[in-house]
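Look through the sequence and the model first, then read the points by topic.

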Amino acid sequence: MRTHSLYIYIIVMAAVTYAIRALPLTLIRSEIKNRFIRSFLYYVPYATLAAMTFPAILSSTDQGISAAAGFAAALLLAFRRQSLIVVACGASATVLIVELAMGFFA
(Lines give C-alpha, C1' and ligand atoms only; values in the text may rest on other atoms or scores of the structure.)
Protein backbone atom coordinates (compact mmCIF):
# COMPACT_ATOMS: atom_id res chain seq x y z
CA MET A 1 0.00 0.00 0.00
CA ARG A 2 2.81 2.39 0.83
CA THR A 3 4.69 2.02 -2.48
CA HIS A 4 1.39 2.41 -4.34
CA SER A 5 0.79 5.83 -2.78
CA LEU A 6 4.41 6.80 -3.48
CA TYR A 7 3.84 6.20 -7.20
CA ILE A 8 0.67 8.30 -7.07
CA TYR A 9 2.60 11.16 -5.46
CA ILE A 10 5.30 10.96 -8.13
CA ILE A 11 2.74 10.90 -10.96
CA VAL A 12 0.84 13.88 -9.53
CA MET A 13 4.07 15.79 -9.03
CA ALA A 14 5.16 15.07 -12.61
CA ALA A 15 1.76 16.15 -13.97
CA VAL A 16 1.82 19.42 -12.05
CA THR A 17 5.39 20.16 -13.12
CA TYR A 18 4.54 19.40 -16.74
CA ALA A 19 1.38 21.54 -16.60
CA ILE A 20 3.29 24.52 -15.22
CA ARG A 21 5.75 24.32 -18.10
CA ALA A 22 3.39 23.33 -20.93
CA LEU A 23 0.37 25.56 -20.28
CA PRO A 24 2.08 28.86 -21.10
CA LEU A 25 3.39 27.39 -24.36
CA THR A 26 -0.05 26.19 -25.41
CA LEU A 27 -2.11 29.16 -24.20
CA ILE A 28 0.15 31.99 -25.36
CA ARG A 29 0.96 31.42 -29.01
CA SER A 30 1.35 34.99 -30.21
CA GLU A 31 4.30 37.26 -29.53
CA ILE A 32 4.05 39.29 -26.32
CA LYS A 33 4.00 42.94 -27.34
CA ASN A 34 3.54 44.59 -23.94
CA ARG A 35 6.89 46.21 -23.01
CA PHE A 36 6.33 45.81 -19.26
CA ILE A 37 5.59 42.07 -19.49
CA ARG A 38 8.52 41.51 -21.88
CA SER A 39 10.84 43.37 -19.54
CA PHE A 40 9.51 41.44 -16.54
CA LEU A 41 10.01 38.09 -18.28
CA TYR A 42 13.51 39.10 -19.37
CA TYR A 43 14.67 39.72 -15.78
CA VAL A 44 12.90 36.78 -14.07
CA PRO A 45 15.80 34.29 -14.57
CA TYR A 46 18.30 36.75 -13.09
CA ALA A 47 16.11 37.53 -10.09
CA THR A 48 15.45 33.84 -9.48
CA LEU A 49 19.14 32.99 -9.70
CA ALA A 50 20.00 35.80 -7.30
CA ALA A 51 17.32 34.73 -4.82
CA MET A 52 18.66 31.17 -4.83
CA THR A 53 22.35 32.06 -4.79
CA PHE A 54 22.59 34.94 -2.30
CA PRO A 55 21.63 32.94 0.86
CA ALA A 56 24.07 30.21 -0.15
CA ILE A 57 26.85 32.76 -0.56
CA LEU A 58 26.40 34.15 2.93
CA SER A 59 26.25 30.75 4.62
CA SER A 60 29.00 29.01 2.65
CA THR A 61 31.96 30.04 4.80
CA ASP A 62 32.92 29.82 8.45
CA GLN A 63 33.01 33.59 8.87
CA GLY A 64 30.30 35.91 7.58
CA ILE A 65 32.89 38.58 6.91
CA SER A 66 34.75 36.36 4.44
CA ALA A 67 31.50 35.56 2.63
CA ALA A 68 30.69 39.27 2.38
CA ALA A 69 34.22 40.03 1.13
CA GLY A 70 33.97 37.30 -1.52
CA PHE A 71 30.57 38.60 -2.59
CA ALA A 72 31.93 42.14 -2.83
CA ALA A 73 34.89 40.93 -4.88
CA ALA A 74 32.56 39.03 -7.22
CA LEU A 75 30.36 42.10 -7.65
CA LEU A 76 33.35 44.33 -8.36
CA LEU A 77 34.79 41.94 -10.93
CA ALA A 78 31.40 41.37 -12.56
CA PHE A 79 30.73 45.10 -12.86
CA ARG A 80 34.15 45.47 -14.49
CA ARG A 81 32.89 42.97 -17.10
CA GLN A 82 35.29 40.15 -16.29
CA SER A 83 34.59 36.61 -17.45
CA LEU A 84 32.77 34.12 -15.26
CA ILE A 85 35.93 32.18 -14.47
CA VAL A 86 37.72 35.36 -13.39
CA VAL A 87 34.81 36.36 -11.16
CA ALA A 88 34.60 32.90 -9.57
CA CYS A 89 38.35 32.62 -9.01
CA GLY A 90 38.59 36.17 -7.69
CA ALA A 91 35.76 35.64 -5.22
CA SER A 92 37.21 32.31 -4.10
CA ALA A 93 40.68 33.80 -3.66
CA THR A 94 39.22 36.68 -1.65
CA VAL A 95 37.39 34.27 0.64
CA LEU A 96 40.55 32.21 1.09
CA ILE A 97 42.66 35.26 1.93
CA VAL A 98 40.11 36.63 4.39
CA GLU A 99 39.64 33.20 6.04
CA LEU A 100 43.42 32.81 6.41
CA ALA A 101 43.75 36.33 7.78
CA MET A 102 40.91 35.74 10.26
CA GLY A 103 42.62 32.54 11.40
CA PHE A 104 45.98 34.25 11.63
CA PHE A 105 44.72 37.19 13.70
CA ALA A 106 42.40 35.15 15.90
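Rings of Phe, Tyr and Trp (its six-membered ring) form an aromatic pair if their centres lie within 6.5 Å; planes under 30 degrees apart count as stacked, over 60 as edge-to-face and the rest as tilted. The structure holds 4 aromatic pairs. The model is predicted, so local features need pLDDT of at least 70 and side-chain atom pairs count only at pLDDT 80 or more, while totals for chains, interfaces and linings use all residues. Residues are numbered from 1 along each chain as its sequence is written, and side-chain values use heavy atoms, with hydrogens and water left out.

**Aromatic rings**
- The rings of phenylalanine 54 and phenylalanine 71 are edge-to-face, because their centres are 5.1 Å apart and their planes stand at 70 degrees.
- This pair links distant parts of the chain, 17 residues apart: phenylalanine 54 is in helix H2 (residues 35-58) and phenylalanine 71 in helix H3 (residues 64-79).
- Ring pairs also join Tyr42, Tyr43 and Tyr46 into a cluster.

- Buried means under 20% relative accessible area, exposed over 50%, and partly exposed in between (1.4 Å probe, protein chains only).
- Of the 106 residues of the chain, 11% count as buried.

**Overall form**
- The chain has 4 helices and 0 strands; helices (H or I, at least four residues) and strands (E, at least two) are DSSP runs, numbered from the N terminus.
- The C-alpha atoms fill a box of roughly 60 × 50 × 20 Å, taken along the principal axes.
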